[in-house]
Amino acid sequence: PTFTGNTIHDGKTIGVLFHERSRGVFQKNTIRDNTHANVAIRTESDPLLIENILRGGQGNGVYVCEGGRGQLKLNEISRARRAGVEIRSGGCPTLISNTIHSCTGAGVFAYEEGTHAELEQNTIQGNQLAGVDVITGARIVLRRNVLSRNARGDTSKQSGGEIVVQ
């Protein structure tokens, strides 16, 4: 299915949940101020999120885990209480031409073995932790991204995390 032009806000849990291999297109929606993640992509789901505004909330802007994939293109992800995008437990999303800014955590935070993400032509700036933070065996590939003004550096890798710049 395709969802366009909706406002999803102030939910008690996750704003939009993709799970159990779900797919779909979310385009030009505003998803904001949900208690947990604004969007969660889990259990091998593979949605396309394009030109959405993901703002605020008590959790992450986008949370990808349990083999979730997904493509995030041309979204604005801002003011998340945690990371703009958090990836773990084998999550493998692709982020292209997004703006990720003003989050309390990292712009993009990836951790755990088997977690992999590709980031291309994103602008990641003004986050209170690192722009891209990779730990515990996760791998991030960066291509032509703009990272700036992140309080704890533009990139950070620890405990076997890997950042590949191409």
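In strand β5, Arg32 is the bridge partner of His9. Welcome to a quick tour of a predicted model, in which local features need pLDDT of at least 70, side-chain atom pairs count only at pLDDT 80 or more, and totals for chains, interfaces and linings use all residues. Residues are numbered from 1 along each chain as its sequence is written, and side-chain values use heavy atoms, with hydrogens and water left out.

**The open sheet**
- Seven strands line up as β2-β5-β8-β11-β14-β17-β20 in an open sheet with parallel pairing (strands are DSSP runs of E, at least two residues, numbered from the N terminus; two strands pair if DSSP finds at least two bridges between them).
- β2 (7-9) and β20 (146-148) are the edge strands, each with a single partner, so one side of each has no neighbour in the sheet.
- From one strand to the next, the twist averages 5° (the angle, from 0 to 180 degrees, is taken between N-to-C directions of axes fitted to C-alpha atoms).
- β2 and β5 (residues 30-32) run parallel and are joined by three bridges.

**Strand β16**
- Three bridges link β16 in parallel to β13 (residues 94-96), where Ile96 stands opposite Glu120.
- Five bridges link β16 in parallel to β19 (residues 139-143), with Ala117 opposite Ile140.

**Asn127**
- Asn127 sits in the loop between β17 (123-125) and β18 (132-135) and is buried, at 2% relative accessible area.

Key
Helix = DSSP H or I, 4+ residues; strand = E, 2+ residues; numbered from the N terminus. Buried < 20%, exposed > 50% of the residue type's maximum accessible area, 1.4 Å probe, protein only.
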